[in-house]
Amino acid sequence: MKTNIVLIGMPGCGKSTFGKRLSKEIDFSFIDMDVYIETYSSQTIAQLWEVGEDHFRNIETAVCKLLTKENYTIVSSGGGIIKREENIRLLKKTSYIFFIDRPLELIMRDIDVSGRPLLKNDKQTLVGLFEQRIEQYRAAADFIIENDTTPATAVQQMHTFIQHLKLVEKESLSE
Ligand SMILES: Nc1ncnc2c1ncn2[C@@H]1O[C@H](COP(=O)(O)OP(=O)(O)OP(=O)(O)O)[C@@H](O)[C@H]1O
Ligand SMILES: O=C(O)C1=C[C@@H](O)[C@@H](O)[C@H](O)C1
Ligand SMILES: [Mg+2]
């Protein structure tokens, strides 16, 4: 049974911000996958990337497997989660996938590149990543959240989908 929500999207689209906020509002647990990966591997994301992208991606896939044990949890994923079909297949066993669709120009305006190994050299890297990934995000998504106005508007869309999915039994606990 699916009781979880996984937020996917470009680096800086709002996954962590909205995941934390929504989890409080509907009384779900919250997992930031990058934080989980660091705890699981006892290394920082930057250290894992120093070994190589494959190394990082293997750990990311191992964590997708572990997340199938969670219930009533919102997960903010890493931006590259869609790079392996296996990750999406694993996550969809227990989760609905929400793609947070934020226009690239707004991400570029707001993003802080410190602590983001992929972007540390050049914000323009985002343009290439966006072009490579946008169709993969759309294809993996069960629902698309338009994040082009206020945070409140994006969160409201998520609430609407959550009610539609009848994940509201748990939600009503916090009301
Ligand atoms: N609708 C919005 N209005 C204003 N600021 C926004 C909006 N959506 C996201 N942001 C801002 O964009 C920045 C990046 O958000 P956040 O860190 O949540 O992204 P992320 O998807 O978790 O990124 P990463 O993949 O790198 O972890 C934050 O400063 C957040 O407040
Ligand atoms: O977009 C990506 O490929 C990544 C995003 C980060 O959140 C981390 O998951 C990691 O640095 C890879
Ligand atoms: Mg984040």
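Reader: Which residues touch the most other members of the largest nonpolar core?

Author: The structure is a predicted model. Its largest nonpolar core has 32 residues. Strand E1 (4-8), H1, helix H4 (53-67), strand E3 (73-76), helix H5 (85-92), strand E4 (95-101), helix H7 (125-140) and H8 each supply at least two residues of this core. The members that touch the most others are Leu 7, Ile 8, Ile 97, Phe 98, Phe 99 and Ile 100.

Reader: With which residues is Ile 8 in contact, leaving aside its neighbours within four places in sequence?

Author: Ile 8 is one of the core residues that touch the most other members. Leaving aside neighbours within four places in sequence, its contacts are Ser 77, Ile 81, Ile 82, Ile 97, Phe 99, Tyr 137, Ala 140 and Ala 141.

Reader: Which element gives the most to the shell around ligand 1?

Author: There are 17 residues around ligand 1, and Pro 11, Gly 14, Lys 15, Ser 16 and Thr 17 come nearest. Two elements give two or more residues to this shell, namely helix H1 (15-26) and helix H8 (151-164). With three residues, the element that gives the most is H1.

Reader: How many residues of the shell around ligand 1 are polar?

Author: The shell is divided by class into nonpolar, polar and charged residues.

Reader: Which residues does UniProt list for "binding site"?

Author: The record in question is an unreviewed entry. Under "binding site", the residues that UniProt lists are Gly 12, Cys 13, Gly 14, Lys 15, Ser 16, Thr 17 and Arg 116.

Reader: Is Ser 16 buried, exposed or partly exposed?

Author: Ser 16 is found in helix H1. Setting aside residues up to four places away in sequence, Ser 16 touches Asp 32 and Ser 76. A residue is buried at 20 or more neighbours and exposed at 12 or fewer. Because Ser 16 has 17 C-beta neighbours inside 10 Å, it counts as partly exposed.

Reader: Is Gly 12 buried or exposed?

Author: Gly 12 lies in the loop between E1 and H1. Apart from residues up to four places away in sequence, Gly 12 touches Ile 107, Asp 110 and Ile 111. Because Gly 12 has 23 C-beta neighbours inside 10 Å, it counts as buried.

Reader: Which residues does Gly 14 touch, not counting residues up to four places away in sequence?

Author: Gly 14 lies in the loop between E1 and H1. With 23 C-beta neighbours inside 10 Å, Gly 14 counts as buried. Beyond four places in sequence, the residues that Gly 14 touches are Ile 100, Arg 102, Asn 147 and Ala 154.

Reader: What is the phi of Asp 27?

Author: Most residues other than glycine have a negative phi. Asp 27 is found in the loop between H1 and strand E2 (29-32), and with 13 C-beta neighbours inside 10 Å it counts as partly exposed. Although Asp 27 is not a glycine, its phi is positive, at about 60°.

Reader: Is Lys 166 buried or exposed?

Author: Lys 166 has its place in the loop between H8 and helix H9 (168-171). Its phi is near 60°, a positive value in a residue other than glycine. Because Lys 166 has 8 C-beta neighbours inside 10 Å, it counts as exposed.

Conventions. Residues are numbered from 1 along each chain as its sequence is written. Chains are lettered from A and ligands numbered from 1 in the order in which they are written. This is a predicted model: local features need pLDDT of at least 70, side-chain atom pairs count only at pLDDT 80 or more; totals for chains, interfaces and linings use all residues. A residue is near a molecule or strand if its C-beta atom, placed from the backbone, lies within 6 Å of it. Helices (H or I, at least four residues) and strands (E, at least two) are DSSP runs, numbered from the N terminus. Ala, Val, Leu, Ile, Met, Phe, Trp, Tyr, Cys and Pro count as nonpolar, Asp, Glu, Lys and Arg as charged, and the others, Gly among them, as polar. Two residues are in contact if their C-beta atoms, placed from the backbone, lie within 7 Å. A nonpolar core is a set of buried Ala, Val, Leu, Ile, Met, Phe, Trp, Tyr and Cys residues joined through C-beta atoms within 7 Å. UniProt positions are given in the numbering used here, feature names are shortened, and annotations may be inferred rather than shown by experiment.
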